[in-house]
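Work through the exercises below with the sequence and the 3D view at hand. Try each task before reading its solution.

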Amino acid sequence: MVLAAWAAGLRLLPRTGPVGGERRRLDPLGTLLVLLGTGSLTTACVEAADWGYGAPATVGFLAAGLVVGALAVAHVRRHPDPVVDPALFRTRAFTAAALGLLSYFLAYAASLLAATLLFTGAWGWSPARAGLAVTPWPLTVLVVSMLSGRVIRALGKRATAVVGGVCFAAGPVCWLFLAGGDGAHYAVEFIPGLVLTGIGAGLYQPVMFAAAGLLPARQLSLGSGVLMISRQGGSALGVAALVVITGGVARPGLDALRAGWVFTAVTAAVAAVAGAALGMGVRTGSRENRGSGADPVRHH
């Protein structure tokens, strides 16, 4: 599939050169630091239950992640063409989108894993049945995504992002109060939360990923990459966080899963707050954006 997409892109996408004749240089050291920092933090979170939360390996990976993360920040601030350009974050709405997507995918990944653990653990379902039980979620996302353009035109970008984040947060809140110790009432106990999270995902993601378009043309691809880092990093850390919350066991009890749903509801609510910050637009001090023709998010 990847090769097919690559071939189609070569054939169908317009050929363009570097904007303004500029070519970006590679930043292998910055890339390595970002990967090592994220990987160390994720490893510490995922393995802490097995190694022990105070074990030398856990503390070592956590400390390494923090130190390497600090080195990565220092590096990108000094490098002439860093893997992540700090100038991107002069656009406040883009910063809100990056942080919002990070928080949103913390909730997204943790919610998906928690649902699977409930089905295969507390409810004793097979993996195949558990997979089918999650399908109302992506089906709802598909339907809502097709309608999201109309919703954005009616409500505006900021309001759409807030509604999406709140709907997503409402899903785990439903599970927190409704999901019981068996799957006899799956349609009543779990499907409403799946539909709510699907509505939230279908509304939230298009608005926040579109925030890369707020950047100057020469930063567009880099901005898209930063948003994808927020997605992938949030997903990895969301799984790691749920593993820590549930104690790393294959069949966590309902109490542990409820703690996980509290985590997903809170992180989704934070994503909604970040959606509200889309209305902040671009910093007046960003000389680059004032002359770029970028279209900041309007207030709604």
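**Exercise 1.** Find which residues of helix α9 are buried.

*Solution.* The model is predicted. Start with the extent of the helix: α9 covers residues 191-209. Next, apply the cut-off: buried means under 20% relative accessible area. The residues of α9 that are buried are Gly193, Leu194, Thr197, Gly198, Gly200, Ala201, Gly202, Leu203, Tyr204, Gln205, Val207 and Met208.

**Exercise 2.** Compare the span of helix α9 with the span expected for it.

*Solution.* Count the residues: α9 has 19. The expected span is 1.5 Å times one less than the number of residues, which gives 27 Å for α9. From first C-alpha to last, the helix reaches 27 Å, close to that expectation.

**Exercise 3.** Is Ser148 buried or exposed, and which residues does Ser148 touch?

*Solution.* Locate the residue: Ser148 sits in helix α6, residues 136-155. Its relative accessibility is 6%, so Ser148 counts as buried. Now look for partners, leaving out residues up to four places away in sequence: Ser148 touches Gly202, Leu203 and Pro206. Two of these names return from Exercise 1: Gly202 and Leu203 are buried in α9.

**Exercise 4.** Which residues form a nonpolar patch on the surface with about 400 Å² of accessible area together?

*Solution.* The patch is made of Leu142, Val143, Met146 and Leu147. Take Leu142 as an example. Leu142 lies in helix α6. Exposed means over 50% relative accessible area. Leu142 has 51%, so Leu142 is exposed.

**Exercise 5.** Find the salt bridge and describe its two partners.

*Solution.* The structure holds one salt bridge. The side chains of Arg258 and Asp255 meet in it, at 3.7 Å from N to O. Then check the spacing. The two residues are three apart in helix α11 (residues 254-276), so about one helical turn separates them. Arg258 is partly exposed, at 26% relative accessible area. Asp255 counts as exposed, at 64%.

**Exercise 6.** How many helices and strands does the protein chain have, and what share of its residues counts as buried?

*Solution.* Count the elements: there are 12 helices and zero strands. Then turn to burial: of the 300 residues, 43% count as buried. Finish with contacts. Among those with a separation of 6 or more, 79% join residues 24 or more positions apart.

Conventions: Residues numbered from 1 in each chain as written. Predicted model: local features only at pLDDT ≥ 70, side-chain atom pairs only at ≥ 80, totals over all residues. Heavy atoms only, no water. Helix = DSSP H or I, 4+ residues; strand = E, 2+ residues; numbered from the N terminus. Buried < 20%, exposed > 50% of the residue type's maximum accessible area, 1.4 Å probe, protein only. Contact = heavy atoms within 4.5 Å. Patch = residues over 30% accessible without salt bridge, like charges linked within 9 Å, V, L, I, M, F, W, Y side chains within 5 Å. Areas by Shrake-Rupley, 256 points an atom, 1.4 Å probe, with all protein chains shown as cover. Salt bridge = Lys/Arg side-chain N within 4 Å of Asp/Glu carboxyl O.
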